[in-house]
Amino acid sequence: MNQLYVSTSQDGWRNLAVDEYFLDNIAPEDAMLYFYVNANAVIIGRSQNPWAECNLARMESDGVQLVRRITGGGAVYHDCGNLNFSFIMGEQRYDLQKQMNLILNAVRAMGIPCDFSGRNDLLADGRKFSGNAFCARGCARQHHGTLLLNADLNRLQDYLNVDPRKLHSKGTKSVRSRVCNLSEFVSGIDNARMLEHLRGAYREIYGDFDELQTADLDEAAIAPYYEKQKSEAWRLGETPRFDIEIENRFEWGNVQLLLNLYQGAIESLQVYTDANDAGLADAIRKSLCGVAFGSEPMAAALRAMNSPQVDMLADYISGLRL
């Protein structure tokens, strides 16, 4: 069965709660395409440190919502000029190339040349108009992303503490220069017009679909997801307290390790990263917890994970000669 739902809410906590609810309730043979708009929010990746990534005081002063998604990746700002999409599929139906083509076909239908490139980005004229992130849970798969239509791109810099190493590694001078609105290419693009083309692309690629209404949703089942999303425990966690900080940027993302030491070993640690792998931070944390503090034992524990990405972190730590 193919389904489509367009949220009637602009509350980021509500919209991400529904996103996770769909993920946990999709049947293996079904496909859901979900669209939503967050009015005024900063969305951070599952494993990011909001205290380091965001200007929380400025956000609170300006009434900007902090929302944490269940997928990996970096922090972004959402307003009403940013249409968000989410593919929720049973593993039998999940096909990333097919899903990306649906978005590209809808954008190209408006006369805008675009392609897929980089770290899961969609580009027009070499600039990003869509970033994407992913989650696997049991037999369900999720692929969600953004579509910049008429977003206020200047506000990206108001609320994000952008790592200058990230910008340097991409050869650019600011966040603003890396992204673009689709309205720069075709005037008059808004959410309704974009949704019309997306519905058409969905029908062309997947066939007929049922369009759900808000009244069709199980509000009692969604409620726990909403409570999780708005809770400080999920969004903020505890203010990190640590003895040693190790941080570096790799080609696949930034990693920050906050280590608490006891009797020469790593008693506990926090791991933050904007890597697209939502489970990477937890895997690194488990591999290092209890290990003797020092370059060689830490690097050996990381290399035991047999991950090319983590091997780069191991090489970096080995070179620190701790």
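Guide: One term before we start: two strands pair if DSSP finds at least two bridges between them. Helices (H or I, at least four residues) and strands (E, at least two) are DSSP runs, numbered from the N terminus. The model is predicted, so local features need pLDDT of at least 70, side-chain atom pairs count only at pLDDT 80 or more, and totals for chains, interfaces and linings use all residues. Residues are numbered from 1 along each chain as its sequence is written, and side-chain values use heavy atoms, with hydrogens and water left out.

Visitor: OK, how many bridges join S2 to S6?
Guide: Six, between S2 (residues 31-36) and S6 (residues 82-90), and the two strands run antiparallel. Alanine 31, for instance, stands opposite methionine 89 in S6.

Visitor: And what order do the strands take in that open sheet?
Guide: There are eight, ordered S7-S8-S9-S10-S6-S2-S1-S11, with mixed pairing. S7 (115-117) and S11 (210-212) stand at the edges with a single partner strand each, so one side of each has no neighbour in the sheet. On average, neighbouring strands here are turned by 20 degrees against each other, direction ignored.

Visitor: Which strands does H4 touch?
Guide: H4 (residues 96-108) packs on the sheet and touches S2, S6, S7, S8, S9 and S10. Contact means heavy atoms within 4.5 Å. The direction of H4 makes about 150 degrees with that of S6. Axes are lines fitted to C-alpha atoms, for helices over the stretch in contact, and angles run from 0 to 180 degrees between N-to-C directions.

Visitor: What about H7, which strands does that one touch?
Guide: H7 (residues 191-206) also packs on the sheet, touching S1, S2, S6, S10 and S11. Its direction makes about 175 degrees with that of S1.

Visitor: How do the axes of H4 and H7 cross?
Guide: They come within 8 Å and cross at roughly 135 degrees. That makes H4 oblique to H7; angles under 35 degrees count as roughly parallel, over 145 as roughly antiparallel, 65 to 115 as roughly perpendicular and the rest as oblique.

Visitor: Which residues meet there?
Guide: Among them are Leu102, Ile103 and Val107 in H4, and Met194, Leu198 and Ile205 in H7. By class, the contact has ten nonpolar, four polar and one charged residues. Here Ala, Val, Leu, Ile, Met, Phe, Trp, Tyr, Cys and Pro count as nonpolar, Asp, Glu, Lys and Arg as charged, and the others, Gly among them, as polar.

Visitor: Switching topic: what's the pairing in the sheet S12-S13-S14?
Guide: Antiparallel, with three strands in an open sheet. S12 (244-250) and S14 (265-273) are the edge strands, each pairing on one side only. S13 (residues 253-262) and S14 pair over eight bridges, and tyrosine 262 stands opposite alanine 265 in S14. H12 (residues 308-320) packs on this sheet, touching S12 and S13.

Visitor: And how do H10 and H11 cross?
Guide: The axes of H10 (residues 280-288) and H11 (residues 295-303) come within 9 Å and cross at roughly 130 degrees. That makes H10 oblique to H11. Ile284, Ser287 and Leu288 of H10 make the contact with Met298, Ala301 and Leu302 of H11.

Visitor: Last one: where does pLDDT stay under 50?
Guide: Over residues 167-176. pLDDT is the predictor's confidence in each residue, from 0 to 100. The chain's mean is 89, and 93% of its residues reach 70 or more.
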